[in-house]
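Hi,

Here's the structure I promised to pass on. Have a look at it first, then read my notes below.

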Amino acid sequence: MKGSIRPLLEGGILVLLGALLFRFPEASAQAARKGVGLCLDLLVPSLFPFFVLSSLVIATGLAGACARPLERIMGPLFGVGGPGAAALGLGLIGGYPVGARTIAQLTEERVCTQAEANRLAKFCNNCGPAFFIGAAGVGVFGSKEAGFLLLGANLAAALVVGIAARWCEGGSLPNQRHTARSVSFSTLATELPGCVRDGFSATLGVCAYVILFSVLTALAEASGLLPLCADALAALLPGEHTQALCRSLLSGLLELSTGTASLSAATASPLALPLAAFLLGWGGLSVHCQSLPFWRAAGVSVGPYLRAKFLQGLLAAGITSLALWAFPLALPTMAPAKPLSAPLPFGREMVLLWGLAGVSFFFCGKKGMEKTEKTRYNRNP
């Protein structure tokens with residue numbers, strides 16, 4: 001019965017989306033342009049350097065070399081091997097979905113088992129500091145202190161989820177000590193062309209999902225579906241600013257940046273910061289779709305990952321509420337109502353990376369690329 005209903009349901013959804021695209025072409029086109037602008041202004045400058053960095057850390061053997069000393073930290077806390085520290089660190093610094101891609105690369109390079117990848121996925125794919133402080137803190141609440149509070153709450157929540165996964169799933173994984181074998185090293189000159197190519201390809205894939213969900217959110221708004229659901233939910237809740245809070249919640253469940261930006265109309269509410277913490281911890285369906293190709297490559301089960309992200313969002317909201325109760329935070333009465341944008345210090349780094357990529361491709365040529373692929377194949381038979 002399920003097998004016959006699912007195609008009909010999916011077909012109905014596609015027909016509905018097609019009808020909405022024909023009914024609201026201006027809204028969809030404007031949303032697509034907005035998504036492209038978000039990619040160019042925020043995602044490409046922030047994600048691409050970290051995608052290249054994560055690839056280089058793993059491809060050159062640095063992650064494997066640091067595995068044994070870092071096992072003393074990762075093993076007792078999270079029950080995984082030392083290479084997982086690369087996914088945790090890069091995921092916290094680079095933002096969504098750098099952690100997911102790093103886990104996939106660790107698995108492909110065989111310095112991380114599939115069981116470890118499933119556990120790391122629960123707490124290593126997180127929002128980055130630039131979005132916490134610049135976009136959410138300053139851009140929405142008009143306060144960098146609010147951004148640091150959101151950052152600290154989500155960091156604590158991610159670590160708690162990781163520690164809880166270790167104890168709830170039976171402690172250390174049986175294959176944790178596999179990192180003790182010899183590590184293969186490679187040079188930057190050998191690995192850089194392939195890492196730049198793969199990093200740029202992954203960045204384009206992420207941008208495609210951002211544009212798509214920007215259009216879907218705009219269609220839900222233009223068709224009246226999103227306002228209708230927000231009104232129905234707000235009618236069940238008492239207090240002020242419930243309409244804006246409910247709209248932000250529903251938008252944020254789909255797409256993180258849109259949901260967070262909607263909170264600018266409800267910053268006076270005491271629930272605004274906890275809700276922002278939840279949305280940033282949850283990430284949004286768009287982020288999870290961006291991470292899906294990496295989870296498939298790593299063999300990660302999506303269900304446990306989604307439950308862990310939802311739990312992280314709830315924990316982050318609770319930690320934020322406790323922090324506000326213990327240390328009240330004064331916010332500007334009128335937070336700046338402007339599009340999300342983070343102060344990203346990656347302009348020169350982007351130019352440098354593109355320059356290095358061009359030089360490497362120019363001098364290495366086709367033979368250099370073939371040598372890179374042959375080296376990777378020999379290291380991963």
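Helix 6 (residues 98–108) is mostly covered, with 10 of its 11 residues buried. Buried means under 20% relative accessible area, exposed over 50%, and partly exposed in between (1.4 Å probe, protein chains only). Helices are DSSP runs of H or I with at least four residues, numbered from the N terminus. Among the buried ones are Val-98, Arg-101 and Leu-106. After helix 6 comes Arg-110, which has a positive phi, near 65 degrees.

Before going on, note that this is a predicted model: local features need pLDDT of at least 70, side-chain atom pairs count only at pLDDT 80 or more, and totals for chains, interfaces and linings use all residues. Residues are numbered from 1 along each chain as its sequence is written, and side-chain values use heavy atoms, leaving out hydrogens and water.

Now the rings. Searching the whole structure turns up six aromatic pairs. Rings of Phe, Tyr and Trp (its six-membered ring) pair if their centres lie within 6.5 Å; planes under 30 degrees apart are stacked, over 60 edge-to-face, the rest tilted. Phe-51 and Phe-294 are edge-to-face, 6.4 Å centre to centre with 65 degrees between the planes. Phe-51 is in helix 2 (residues 25–59) and Phe-294 in helix 15 (residues 285–298), so this pair ties together parts 243 residues apart in sequence. Both Phe-51 and Phe-294 are buried.

Back to Arg-101: it lies over the face of Phe-51, 5.2 Å from the ring centre. That label needs CZ of Arg or NZ of Lys within 6 Å of the ring centre and within 35 degrees of the ring normal.

Cheers

Terms used:
Helices (H or I, at least four residues) and strands (E, at least two) are DSSP runs, numbered from the N terminus.
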